[in-house]
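Please open the structure in a viewer and keep the sequence at hand.

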Amino acid sequence: MKSKRHRAARTTPAASQSGGQEGGGEALQRGEKARREPVFPISRQEIIQRCRAKPHDMLCAGEALALMDLMIHFHLTIKKLHELTHVARSMIHDILCMEAVTTNDTVAKLGRPFGMQAIEFHLLGFFTLRAEVSP
């Protein structure tokens, strides 16, 4: 009997926000999946530290941070970004871990779903880095 009392039903964030009502919120009632938030392999500070430790230009860190911000803003996981850009999931992961540097071709593919050309993505990376790290 004790084990039955302690079993907790799993709830989605929408269900817990709706006050525990049956059905789990409006979005889930319409048959939509709960939105999964992006998860990143390392923190923003670790990106900057790794870039400084490697012989990379700091722009690489800025582009990784900009990509992180875009993924957060548009609620994109690595898998979803891969589906939109056709950039390999392992490449996206490596960019976010500072294990790979981006080429112009990769930057162009990553910027396309957001309406950006490669130069705009590079500039976004530059300004993101300037906002994160004082010169």
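Predicted model: local features only at pLDDT ≥ 70, side-chain atom pairs only at ≥ 80, totals over all residues.

**The core.** Begin by selecting I47, L67, L81, I92 and L110, the residues with the most contacts inside the largest nonpolar core, which has 29 residues. Two or more residues of this core come from each of α4 (44–53), α5 (59–73), α6, α7, α8 and α9. Of these elements, α5 gives the most, with eight residues. In soluble globular proteins, nonpolar side chains tend to be buried together.

**Around L110.** Next, centre the view on L110 and display its surroundings. Leaving aside neighbours within four places in sequence, L110 is in contact with L67, L81, T85, V87, I92, I95 and F121.

**A patch on the surface.** Now select I119, L123, F126 and F127, which form a nonpolar patch on the surface with about 400 Å² of accessible area together. One of them, F126, is found in helix α9 (residues 118–132). F126 counts as partly exposed, because its relative accessibility of 37% lies between the 20% and 50% limits.

**Two loop residues.** Most residues other than glycine have a negative phi. Select H86, in the loop between α6 (78–85) and α7 (89–96); its phi is positive, near 65 degrees. Then select M98, in the loop between α7 and α8 (104–111); the phi of M98 is also positive, near 65 degrees.

Notes: Residues numbered from 1 in each chain as written. Heavy atoms only, no water. Helix = DSSP H or I, 4+ residues; strand = E, 2+ residues; numbered from the N terminus. Patch = residues over 30% accessible without salt bridge, like charges linked within 9 Å, V, L, I, M, F, W, Y side chains within 5 Å. Areas by Shrake-Rupley, 256 points an atom, 1.4 Å probe, with all protein chains shown as cover. Salt bridge = Lys/Arg side-chain N within 4 Å of Asp/Glu carboxyl O. Buried < 20%, exposed > 50% of the residue type's maximum accessible area, 1.4 Å probe, protein only. Core = buried A, V, L, I, M, F, W, Y, C linked by side-chain atoms within 4.5 Å. Contact = heavy atoms within 4.5 Å.
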